[in-house]
Amino acid sequence: MRVERRPLADFTTLGVGGEAEIWTVETPADLVEATKAPYRVLGNGSNLLVSDSGVSERVIRLGGVFAAASLGRPRAPFHVTPWLGAGALLPNLIQEARQKGLSGLEPLSGIPASLGGAVKMNAGTRFGEIADVLEAVEIFQGGSFHVHHPEELGFGYRRSNLPPGGIVTRIRLRLEQRDPAEIEARLREVDEARKGQPKRKSAGCAFKNPEGDSAGRLIDRAGFKGLRVGGAMVSYEHGNFIINTGSARATDVWKLVKRIQEELSLELEWEIWGELL
Ligand code: FAD
Ligand code: EPU
């Protein structure tokens with residue numbers, strides 16, 4: 001196990017956030033030790049806005065056995081995967097599935113999540129979400145590991161209802177063997193739908209889409225694109241992305257969020273860590 005004090009800006013895709021004590025756990029015994037004081041769990045930091053003053057709780061990152069994942073030898077027609085470490089990155093698994101002719105993860109192409117973060121947020125696109133392909137979820141809670149059926153976990157649009165303090169440690173997926181050309185075609189379709197999104201530093205969409213509409217379209221129509229506070233800016237490419245142009249602070253990003261919410265009634269998709277003024 002490694003314990004270090006580091007800025008969370010180094011661990012988030014938006015690249016903002018102050019210091020915290022980061023506990024990278026590698027074994028079940030590490031996890032037991034790390035959870036003896038108040039904690040938060042960090043995945044790939046791709047849906048987080050972290051305060052400039054960081055957080056006081058321990059920040060747990062899943063390494064070692066919790067980050068190992070391989071889809072195994074494909075079985076037809078249905079393939080239930082071995083247990084996959086929740087610290088592993090979703091894009092790597094999507095590549096492995098593509099190479100092995102395993103279908104089911106294509107709707108998640110382009111989402112820079114860890115498996116655990118994808119489960120917590122029920123990551124998805126209009127083509128599907130991770131809950132659609134979950135077979136089982138192992139959660140560490142109250143000092144021990146419990147296996148849950150996905151139906152127990154309250155999945156909805158970009159939400160789940162994990163037990164309090166629960167850390168997703170491993171998951172199993174239910175995939176299908178398919179013609180590789182069909183998988184390629186699906187991946188292309190999903191990637192095409194993402195073409196309008198900026199490539200610059202961001203945490204994905206800031207707000208959830210309201211029922212039947214798109215937050216990006218509403219923000220665009222309200223004229224917020226290009227609005228800047230310090231180093232943060234509402235992307236010209238897609239209104240629901242706030243980008244870090246290089247030197248943004250969490251307070252800059254937060255001012256933009258508040259400014260948009262003064263005018264539009266939108267619910268944040270991001271998770272907020274620490275105090276924001
Ligand atoms: P983090 O951001 O690290 O954490 C998010 C939340 O999950 C936190 O509450 C954290 O405590 C919790 N968490 C993390 N790991 C665990 C765990 N093991 N156990 C319990 N809780 C945990 N999202 C979509 O849904 N669809 C998209 O199309 C999409 N596109 C994106 C594009 C870009 C360029 C970016 C930067 C982001 C995008 N996102 C998208 C947002 C983001 O990738 C997802 O919300 C993702 O699921 C977050 O996963 P993460 O591992 O980065 O979690
Ligand atoms: N639009 C505009 N202006 C903009 C942005 C969008 O007019 O600045 C319009 C588009 O022209 C389109 C509509 O709004 O007609 C929808 O836009 P888009 O296809 O980009 O989809 P979205 O609803 O904005 C959702 C998810 C994304 C996901 C894409 C692709 C949410 C909040 N967003 O975006 O997820 O990648 O679909 O499926 O659900 C995320 O959750 O972080 C995320 C990026």
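Before the ligands, a word on residue classes: Ala, Val, Leu, Ile, Met, Phe, Trp, Tyr, Cys and Pro count here as nonpolar, Asp, Glu, Lys and Arg as charged, and the others, Gly among them, as polar. What you see is a predicted model, in which local features need pLDDT of at least 70 and side-chain atom pairs count only at pLDDT 80 or more, while totals for chains, interfaces and linings use all residues. Residues are numbered from 1 along each chain as its sequence is written, chains are lettered from A and ligands numbered from 1 in the order in which they are written, and side-chain values use heavy atoms, with hydrogens and water left out.

Let me begin with ligand 2. By class, its shell holds four nonpolar, nine polar and seven charged residues. A residue belongs to such a shell if one of its heavy atoms lies within 4 Å of the ligand, and of the 20 residues that surround ligand 2, the closest are Tyr157, Cys205, Asn209, Asp220 and Glu269. Helix α5, residues 215-221, gives the largest share of this shell, namely three residues; helices here are DSSP runs of H or I with at least four residues, strands are runs of E with at least two, and both are numbered from the N terminus.

Turning to polar contacts, meaning pairs of N or O atoms within 3.5 Å, a backbone N or O atom of cysteine 205 lies 2.8 Å from an oxygen atom of ligand 2. A polar backbone atom of glycine 239 is likewise 2.8 Å from an oxygen atom of this ligand, and for an N or O atom in the side chain of serine 214 the distance is 3.3 Å. On its own, ligand 2 has 830 Å² of accessible area, of which the protein covers 74%, with areas taken from the Shrake-Rupley method and a 1.4 Å probe.

How many residues lie around ligand 1, and which come nearest? There are 34, and Val41, Gly43, Ser46, Ser114 and Gly124 come nearest. By class, they are 15 nonpolar, 14 polar and five charged residues, and the largest share, five residues, comes from α3. Oxygen atoms of ligand 1 lie 2.8 Å from a polar backbone atom of glycine 45, 2.9 Å from a polar backbone atom of asparagine 47, and 2.9 Å from an N or O atom in the side chain of glutamate 271. The protein covers 92% of the 970 Å² of accessible area that ligand 1 has on its own.

Now to helix α2, residues 90-100, where Leu90, Leu93, Ile94, Glu96 and Ala97 are buried, that is, under 20% relative accessible area, whereas exposed means over 50%, and partly exposed in between, with a 1.4 Å probe and protein chains only. The buried residues pack against β7 (84-85), β8 (102-103), α3 and α4 (180-193), where contact means heavy atoms within 4.5 Å.

Finally, threonine 24 is found in strand β2, residues 19-25, and is buried, with a relative accessible area of 5%. Not counting residues up to four places away in sequence, threonine 24 touches Met1, Arg2, Arg61 and Gly63.

Notes. Polar contact = N/O pair within 3.5 Å; in protein donor to acceptor, adjacent residues only side chain to side chain.
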